[in-house]
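Subject: Structure handover

Hello,

Here is the structure I promised to pass on. Please open it alongside this note.

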Amino acid sequence: MNSQIIKKIIKYRLFWPLVCLFAVLVVNLIRTPDFFNISINSKGVLYGYLIDIINRSSELIILAAGMTVCVASSAGTDISVGSVMAVTGAVTCFLLGTGDAYNIPYVLAVVAGILAATACGAWNGFLVAKLKIQPMVATLILFTAGRGIAQLITGGNILYIKVKNFKYLGSVLPGVPLPTPIFVAAAVVILTSVLLKKSALGMYIQSVGINAKASRLIGLNSTLIIFLTYAFCGMCSGIAGTIATSRIYSIDANNVGLNMEMDAILAVALGGNSLAGGKFSLAGSVIGAITIQALSTSLYSMGVSADQLPVYKAIVVIIIVSLQSKQFKKFFKNFSQKQKITGAGEKVTQ
Amino acid sequence: MIKSLRSKLSGNNFLLFVTIVLFFVLYISGMVIFQDKGFGKPQVFLNLFISNAGLIIAAVGMTIVLITAGIDISIGSVIAMTCMLLAWMMEKKGMDAWISIVIVLIVGVVFGLVQGFLVSYLNIQPFIVTLAGLFFARGMTAIISDEMITITNKAFLGIANAKIYIPFISTVTKKGKVIHPYIYPSVILAIAVLIIAFVILKYTKFGRSIYAVGGNEQSALLMGLNVRRIKLKVYALNGFLAALAGFAFALNSCGGFVEQARGFEMDAIASAVIGGTLLTGGVGNVIGSLFGVMIKGTIESIITFQGTLSSWWTKIAIAALLCIFIILQSIFASLKRKSK
């Protein structure tokens, strides 16, 4: 009876991703006992490792949400998200201008930036869904060109925004105890999951991801669904790009969102989602994103330099992905079965 | 059956043909536009090889991996690690240049073997495995040294700066001096790798089985090929070639630093795709990849010769080309589907 419950828990989709996150947190707790402390600083803002982790992982969570549906619908990854973030920031900052006041209303500029990102996503979607190009190659185009386009918009300069309220999105709103990015990330995740769960869209995406041809035969417009997921992924990169720009209140087209695409794909994989498409779990990706950030933050707190960080990340990734691989599970199963058999044999002889 | 095969071949060959024609069109237009600046000099042409020797080697390795329907995005980091390791061993440990070179090549093979094992025996997606490889190698580079190490080893610099003059071709300067164009040993290395890879892919059992695995893994398995071992070998080979590319890179840069060759893997993939390699596997040609690299080099030198355009135009131009080629490929693929 007991073992059945354990089996059920182990079979639960989010079990392994949660175990990973938990392991990282426990290691932290042992290394730095005040890890879970949360205090309020002089400005009335909550402050502590945990808040920091969630705050810093906001962009990654948003990107991972977009990446998850992309991967689910087309079994391919969108590697252009980092470059698209740069494009968004460039468009927004260019429209706002570097003067003492905004050239155009703030909201308008942000919307324009996110629209530009959505257009980038739509372009990717067009290539993938309509022209049937492998997602990685299709998005390689914007991966290469994106930063070039962003440079073109900014004229190759780093644009600084002087108006104060530009910072709010990336830091804290006055009077609110939590950093704004957390709210944005939560809003994106909740809206996405409601949209996917309450409508049939989530089901459609899974069905297209498992077999696009069969889905078309039962009357789903596979092309449109794949197109929409890529456009959505572009929109998510746009939102993440706006936050990233606001964090540093400037746009540096060469460095905004650098290597974020890799982290986003990693978050999806760590969340227990198959990169071969089909079934997906948004919650898994969110957990994956937080795990990555928790790992980075805890390694920083242990004195690992930013350049050396990737080594540990790579080791953790390989361990987690190997544990989740079918071959390994098979091996493990065979091993435990053998033990059971020998155990039974011993009982008989006794 | 034979007809469809022929149309398939002509489709793929046609793309290669387009690539080669495009290269010549680009190069000749460069020669016409920048005639007064000396774009037509043989040395400018050879510089394409000199500055891209590492990329040629890396693109050859990438092409082979892509043919098996895999991918290796770790090569940029492996190149950085190789350069750094070479510089570190020679400068900080005072090791012999040749021994250091052999050691980094072995490191490359081991790196490739581990990745190959994870891909073929544990069935993890190549993208994820090599993504971890990318992180790992880049991080190891930083662990070896945070600061840039410049190579001053005499034997190594001797190889790096050995100018090999090409006889028979010569230009005469205004002062009446006869100058032969020259290349560096890294170019010879790159050309040798290219030729060997071409022969292996075309004429050996191993080469043909690589195509078989990429074309259809299931059929290859049913044909009795040891698919896993072939994949393992391919990734090991690619690790070796990445280390070799790193060596060629070090010959050019004479130093190692953490940010070296970032994004290099995407250049290699782009070159292979422009050269007609399909990411779905089974189709590809190292000669095409060579021309892919050459096209990138030509665009770069045209932009350098032009002088006023910024370097990001290179990126946009490459992306536009990539886009055209990808769309061409997809049109051919859909035509093929219809003819069936």
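Below is what was found, starting with conventions and then going through each chain.

This is a predicted model, in which local features need pLDDT of at least 70, side-chain atom pairs count only at pLDDT 80 or more, and totals for chains, interfaces and linings use all residues. Residues are numbered from 1 along each chain as its sequence is written, while chains are lettered from A and ligands numbered from 1 in the order in which they are written.

Chain A overall

Chain A has 15 helices and four strands. These are DSSP runs, numbered from the N terminus: helices are H or I with at least four residues, strands are E with at least two. The C-alpha trace of chain A spans about 90 × 60 × 35 Å along its principal axes.

Annotated spans

The unreviewed UniProt entry marks "transmembrane region" at several spans of chain A, including 12-30 and 217-244. Positions follow the numbering used here, feature names are shortened, and annotations may be inferred rather than shown by experiment. Residues 12-30 of chain A are 84% helix and 0% strand, with end C-alpha atoms 28 Å apart. Residues 217-244 of chain A are 86% helix and 0% strand, with end C-alpha atoms 42 Å apart.

Helix packing

In chain B, H2 (42-67) packs against H10 (227-253) at about 170 degrees, axes 7 Å apart. Axes are lines fitted to C-alpha atoms, for helices over the stretch in contact; angles run from 0 to 180 degrees between N-to-C directions. H2(B) is therefore roughly antiparallel to H10(B) (under 35 degrees is roughly parallel, over 145 roughly antiparallel, 65 to 115 roughly perpendicular, the rest oblique). Their contact has 15 nonpolar, four polar and no charged residues. Nonpolar means Ala, Val, Leu, Ile, Met, Phe, Trp, Tyr, Cys and Pro; charged means Asp, Glu, Lys and Arg; the others, Gly among them, are polar.

The interface

The contact takes 40 residues from chain A and 36 from chain B. Two residues are in contact if their C-beta atoms, placed from the backbone, lie within 7 Å. On the chain A side, H7(A) gives the most, with 13 residues. By class, that side has 24 nonpolar, 11 polar and five charged residues.

Best wishes
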